[in-house]
Amino acid sequence: MRKLQNVLVVVLISAGLFAGPTAAKTEEYVVGAEKFVQELADEAIGTLTREAMSREERQKLFRDMLSEGFAIPGIARFVMGRYWREASSDERDEYFRLFEDVIVSLWADRFVDYSGQAFRITEAIPASSARADEKAVLVRSLFWTSPGNPVRLDWRVANKGDVYKITDVLVAGVSMARTYRDDFSSVMRRDGVEGLLAVLRGQIGRASCRERV
């Protein structure tokens with residue numbers, strides 16, 4: 001899972017430099033989704049890779065960009081799965097906060113690892129959506145960690161009116177959202193919702209200790 005996270009972060013910040021042209025699209029929302037991914041990448045490369053930025057500044061900017069670009073509440077609820085119904089209102093509120101904090105603490109500092117790897121969007125195509133009031137697009141791309149060895153990276157983007165949000169990222173066909181869901185479910189099957197909250201608190205606590213070292 002950590003390897004998938006590293007690939008995701010480096011690809012996100014490199015997209016703005018290496019995205020290539022794609023075939024013409026007839027659906028406006030498909031064009032909009034591809035543009036949305038590109039603009040998010042441009043924002044990342046223009047802000048989060050500055051060497052002089054403090055960890056606190058980078059985490060604040062990353063949190064803002066995460067909220068802007070990703071459907072975090074929906075992803076968090078999907079990841080919790082059937083255990084969402086078992087959680088109390090207070091547990092749900094804390095889970096939402098912890099889920100976002102864990103993502104920020106795990107990913108924000110990895111933007112400093114960018115070293116110019118090549119990335120290219122290959123196509124954007126309509127995808128199925130479980131909701132009648134929104135459309136979905138799969139923005140497909142390739143990421144070269146080494147010459148001749150591209151990794152397939154697919155961004156699933158939901159569209160409703162003028163709003164676009166990333167709902168999942170698939171690395172080499174593996175869904176990040178489902179990977180989190182499997183990991184979290186294994187904890188909750190054993191220790192319940194409170195057990196998951198304890199794990200997330202511990203992850204954030206360890207990240208905070210590393211920051212102070």
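Strand 4 supplies the largest share of the lining of the largest pocket, 6 residues. Helices (H or I, at least four residues) and strands (E, at least two) are DSSP runs counted from the N terminus. A pocket here is an open set of points on a 1 Å grid over the protein atoms alone, where a 1.4 Å probe fits, with protein on both sides within 12 Å along at least five of seven lines; lining residues have an atom within 4 Å of a point.

This is a predicted model, where local features need pLDDT of at least 70 and side-chain atom pairs count only at pLDDT 80 or more, while totals for chains, interfaces and linings use all residues. Residues are numbered from 1 along each chain, and side-chain values use heavy atoms, with hydrogens and water left out.

Of its 28 lining residues, G74, I75, E134, A158 and T167 are the closest to the centre. Helix 4, strand 3, strand 4 and helix 6 each give two or more residues to the lining.

| Lining class (members) | Count |
|---|---|
| Nonpolar (Ala, Val, Leu, Ile, Met, Phe, Trp, Tyr, Cys, Pro) | 12 residues |
| Polar (the others, Gly among them) | 7 residues |

Finally, W107 sits in helix 5 (residues 89-107). W107 counts as buried because its relative accessible area is 8%, with buried meaning under 20% (1.4 Å probe, protein chains only).

Terms used. Buried means under 20% relative accessible area, exposed over 50%, partly exposed in between (1.4 Å probe, protein chains only).
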